[in-house]
Amino acid sequence: MKKFIPVNQPLIKKSDIDTVIKCMESEWISSEGPNVKKFEKNFSKFIGHKYGVAVSSGTAALEIAIKALNLKKEDEIIIPNFTIISNILPILKLGLKFKLIDCSIFNWNMNLSKIEKLINKNTKAIIATHIYNFPIRMDILRKICTKKKLIIIEDAAEVIGQKIFNKKCGSYGDISTYSFYANKQITTGEGGMLTTNNKLLSEKFKSLRNLSFGKKNRFNHDDIGWNYRMTNIQASIGLNQLKRIGSIIKKRHQVGKRYFNNLKNNKNIYIPEPKKNYAKNIYWVIGILILNNKYKLNAKKAMAKLKEKNIGTRPFFWPMHKQKLLTKYKFNSKDFKNSEYISKYGFYLPTSLKLKNSEIDYVCRCVNKIFCD
Ligand SMILES: Cc1ncc(COP(=O)(O)O)c(C=O)c1O
């Protein structure tokens with residue numbers, strides 16, 4: 001293929017452009033303005049939570065979520081080991097304690113069967129992050145957390161519109177966070193959201209995103225907050241994209257299904273299937289895992305080969321226990337065998353909504369050629 005196929009590309013429609021122009025013309029360009037509130041309302045309704053608070057990124061949403069819990073230094077949070085750094089950054093910044101949990105090999109989310117062993121009297125919350133593939137079984141996690149009185153922060157950044165048993169991802173968390181970065185199901189360029197059913201928490205989120213201005217004396221501030229506000233322009237794009245989330249999800253599923261059908265017979269790689277009894281796969285990305293190492297190919301080498309064929313790819317996340325930021329914790333690699341494997345042998349293929357069938361078929365031909373018997 002002559003033209004490079006990027007790993008992702010946002011699909012910007014004329015109506016997205018028109019809405020930005022309209023917003024600029026209205027002169028409501030900062031976070032003040034009607035679109036932010038409307039986006040919060042429509043988005044939280046779409047998820048099935050009462051309150052939505054729009055912020056500047058998914059990372060900002062996680063920072064606010066964790067700070068709003070008002071945890072003490074001895075309190076612990078359980079987080080996935082195989083995840084984005086944004087899950088652990090707020091914990092490190094607030095000096096809180098944490099426990100890491102390994103992922104499942106063919107699911108890539110935290111292994112739910114290992115959670116109960118990690119819970120002790122100081123455990124207060126769990127960050128449940130849906131990663132790349134099928135969602136976490138939030139129905140199962142909810143039962144464990146209710147029994148153990150733990151708060152769930154559901155990181156649904158990658159799964160906007162995904163359902164588990166007909167209930168939306170995000171609606172299971174006590175607090176849920178989302179990202180609207182350019183590669184997400186809907187985008188505002190940069191942006192994020194928190195949703196919850198708890199009014200007090202939603203007020204705390206609003207205060208923290210806006211410098212925690214004093215309630216009595218505006219410039220005598222109530223807490224150490226941030227400027228994590230979303231602009232009215234970003235919200236206008238979000239509102240417009242939310243209107244077509246149904247067709248976006250449908251297209252992602254179709255793209256994933258085509259990849260799956262082209263690659264499913266290749267026994268040397270694993271690609272998640274389009275459907276399980278609890279969920280349809282909406283393929284935020286087309287992740288694949290190298291199963292057979294007779295080719296002496298790890299993800300890095302396979303990705304280099306695909307680059308020669310003008311195909312953009314991205315490696316999987318680097319697990320937390322191997323982050324140089326965290327060396328002082330001296331983790332035991334044996335506890336994180338699955339994360340180690342998938343971070344070395346997993347990567348993802350072009351996933352854009354703009355992909356043509358011929359491009360998907362070309363990528364699959366190249367992948368099948370690299371991993372042929
Ligand atoms: C699961 C997850 N959480 C959080 C984030 C961070 O979102 P943002 O890039 O908007 O800060 C991402 C980004 O890709 C993500 O995949």
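**Sheet and helix packing**

Analyst: Start with the open sheet of seven strands, ordered β1-β9-β8-β5-β4-β2-β3 with mixed pairing. This is a predicted model, where local features need pLDDT of at least 70, side-chain atom pairs count only at pLDDT 80 or more, and totals for chains, interfaces and linings use all residues. Residues are numbered from 1 along each chain as its sequence is written, and side-chain values use heavy atoms, leaving out hydrogens and water.

User: What makes β1 and β3 edges?

Analyst: Two strands pair if DSSP finds at least two bridges between them. β1 (51–55) and β3 (97–101) each have a single partner strand, so one side of each lacks a neighbour in the sheet.

User: How do you know that β4 and β5 pair?

Analyst: Five bridges join β4 (residues 123–129) to β5 (residues 151–155), against the at least two required. The two strands run parallel, and Ile-126 stands opposite Ile-152 in β5.

User: Why are α10 and α12 called oblique?

Analyst: Helix α10 (residues 299–308) and helix α12 (residues 357–370) pack at about 130°, with axes 11 Å apart. Angles under 35 degrees count as roughly parallel, over 145 as roughly antiparallel, 65 to 115 as roughly perpendicular and the rest as oblique. α10 and α12 are therefore oblique to each other.

User: Which residues make the contact of α10 with α12?

Analyst: Ala-302, Lys-305 and Leu-306 of α10 meet Cys-366, Val-367 and Ile-370 of α12, where contact means heavy atoms within 4.5 Å.

Note on methods
Axes fitted to C-alpha atoms, helices over the stretch in contact; angles between N-to-C directions. Helix = DSSP H or I, 4+ residues; strand = E, 2+ residues; numbered from the N terminus.
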